[in-house]
Structures are given as C-alpha cells and as structure tokens.
Amino acid sequence: MSETAISAALTQRFGETPEVPEGLAKIPALNALAARGSCRSFTSQTVDTDVLDTLCALALCAPSKSDLQQRDILIVTDPALLAALKSLLDAQAWIAEAPAMVVFLANNRRQRQVQMMHNQPFPNDHLDAFFNASVDAGIALAFFMSAAEAAGLGCCPISTIRNHLPRVKDLLVLPDHVFPVAGMAVGYPSAASDVSARLPLSKTVHRDRFSDITEADIKSYDTRRLAGQNGPGWSEAKAKMYAAPQRTDFAAFLRSIGFTLE
C-alpha cells in the first residue's frame, strides 16, 4: 500500500504507523486529526459569539457517565473578566493573544440538586463523584477542540488555570462542587501548528494485556523528538518539571468546596 497523507502524518508523530485502511485514509476529518497541533499563535480576528455557542453545543454532544451530564462550559466574553483571567496565566505569554477563552467545568453540584429535588439520598459522596465529573469535562473539552479545529479555529488547553483555583472561583462565581478542569484559548491561527512527536504506538497501544515501556524505548523517543536539536530530551525535561511540587493545595481546595475525596 502506498503511503497516504494520514500515514505520513502518523509516522511523523509516532515514528511508526498502523496499516491505515484505504477507506479511512480518504476521510478528511481523520487526516486533519492526524496532523493537528495545539495553537499558541492567533490573529487579531475575533471569534463570533454564535460560533462559540455552536462549538459548545457540539462539545456537549459528547457522552457522559451514566447520562449524568456533570460538565458545563463557561464562555468568557466580558473584556475585563477576560483580562483578569489572562493575568492569572501570564506565565504563558502567548495566552495574551488569544481572542477568546472558554473554561471547562466539572459540575457535581447539579446531581446533588437533583437528589434533593426528588427527596433522594446522596450516598455517593466520595472520590468517584470528583472523578466522574472531571472525566465528563475532559471528554467535552476534546469534543470542543475537534469541532473548533474542523471549523478552522485553533485551540490550546490551559491546565494552569488550576494553579489559581480560589481566584478563578471568585472571578467566575463558581458555587460549591463546581470547579475548572481546564481553560481553552480559542482563535484563528496566525501560523500552522507544529505536529508534536508522541511516544511510539507500539509502546502506548496495548493488545490483550499491558506491556511496560523500557528505558531504551524512552531514550529512543527522546532522540527522535529532538531530531538533531540541542536541549534536554523529553524525558529529562518532564522529569525535572515533575521534580518540583505542583498544586499541592488541590485536594484542600476540593474539600473546601464540598468534595470528601474518600
């Protein structure tokens, strides 16, 4: 089988590719997904409110655990609020250029409201309540990003919003049992996004049972990702990043808004 665009993109990303069926190789959406990248450079063009509303609707078409729908999306349009939110995230300077921002919320509050509405107990007030709502929000985020990129927009998730949870809670007037999982910068790209190399499929897609990655596999990936550039490899950079404490107050914040986490 001759190499197709999707095969070439997957090889660039993973250093290897599956045998992509001819029928799948002809689907534009799959080719775009294979070559996608996070966008951190935007034009000054604004994103219409109708566009954002539609993308949010498409994102909330995503599945949710047991149809509980424990995820919401908050569109930030007020200029002062957008500026205040961006100022919290100024460690990433590129965020200042983003013309729009949305925040993906885990919402375990609504289910508690439903329980009270129907005079039912809430015996599931434990770690699973936090986990289910967080995963629902993450799935909606992925759907939003796919929809936005199909519409010609660029996106980049912003997890550092969780570095400032008390302040974000106040800015967005979030009630108990509702918290941000991630922000999302949205706008029209000013340049093509880079394709980020990923760990090889043979080490991250498992068949029938788990098979652990080796140090040699990681070093090989480091070499491929650097591709002749100077600097630390991926594994060294991530090891140093995670050698410093991060969000050590996260559990305390979650407990302060009502989660037990037991």
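Which residue follows α1, and what is its phi? G15 follows α1, and its phi is positive, near 80°. The legends below describe a predicted model.

**Figure 1. Overview of the predicted protein chain.**
The chain holds 12 helices and 4 strands. Its C-alpha trace spans about 60 × 45 × 40 Å along the principal axes. There are 262 residues, and 36% of them count as buried. The exposed surface comes to about 14900 Å². Carbon and sulfur atoms supply 56% of that area. Among contacts between residues at least 6 apart in sequence, 76% join residues at least 24 apart.

**Figure 2. The largest nonpolar core.**
This core has 23 residues. Those touching the most other members are L74, L85, L89, W94, M101, V103 and I158. Two or more residues come from each of β1 (71-76), α5 (79-88), β2 (100-107), β3 (154-158), α8 (165-172) and β4 (178-187). A second, separate core contains 21 residues, including L52, L55, A148 and Y188. In soluble globular proteins, nonpolar side chains tend to be buried together.

**Figure 3. Surroundings of V103.**
V103 is one of the core residues that touch the most other members.

**Figure 4. Helix α1 and its buried face.**
Helix α1 covers residues 5-14. I6, S7, A9, L10, R13 and F14 are its buried residues. Seen down the helix axis, they fall within an arc of 165°, so they line one face of α1. An α-helix has 3.6 residues a turn, so residues three or four places apart point the same way. On the other side of α1, A5 and Q12 are exposed. The buried residues pack against four helices: α2 (22-25), α3 (28-34), α9 (201-204) and α10 (215-226). After α1 comes G15, with its positive phi near 80°.

**Figure 5. H126 and the end of the chain.**
H126 sits in the loop between α6 (109-117) and α7 (127-150). H126 is partly exposed, with a relative accessible area of 28%. Not counting residues up to four places away in sequence, H126 touches T260, L261 and E262. The C-alpha atoms of H126 and F259 are separated by 7.1 Å. Along the chain, these two residues are 133 residues apart.

**Figure 6. S66, a non-glycine residue with positive phi.**
Most residues other than glycine have a negative phi. S66 is not a glycine, yet its phi is positive, about 55°. S66 is found in the loop between α4 (49-59) and β1. With a relative accessible area of 54%, S66 is exposed.

**Figure 7. R247, a non-glycine residue with positive phi.**
R247 has a positive phi of about 50° although it is not a glycine. The loop between α11 (234-241) and α12 (250-256) holds R247. R247 is partly exposed, with a relative accessible area of 23%.

Definitions and conventions:
Residues are numbered from 1 along each chain as its sequence is written. This is a predicted model: local features need pLDDT of at least 70, side-chain atom pairs count only at pLDDT 80 or more; totals for chains, interfaces and linings use all residues. Side-chain values use heavy atoms; hydrogens and water are left out. Buried means under 20% relative accessible area, exposed over 50%, partly exposed in between (1.4 Å probe, protein chains only). Contact means heavy atoms within 4.5 Å. Accessible areas come from the Shrake-Rupley method with a 1.4 Å probe; for residues, only the protein chains shown count as cover. A nonpolar core is a set of buried Ala, Val, Leu, Ile, Met, Phe, Trp, Tyr and Cys residues joined through side-chain atoms within 4.5 Å. The arc is that of the directions from the helix axis to the C-beta atoms.
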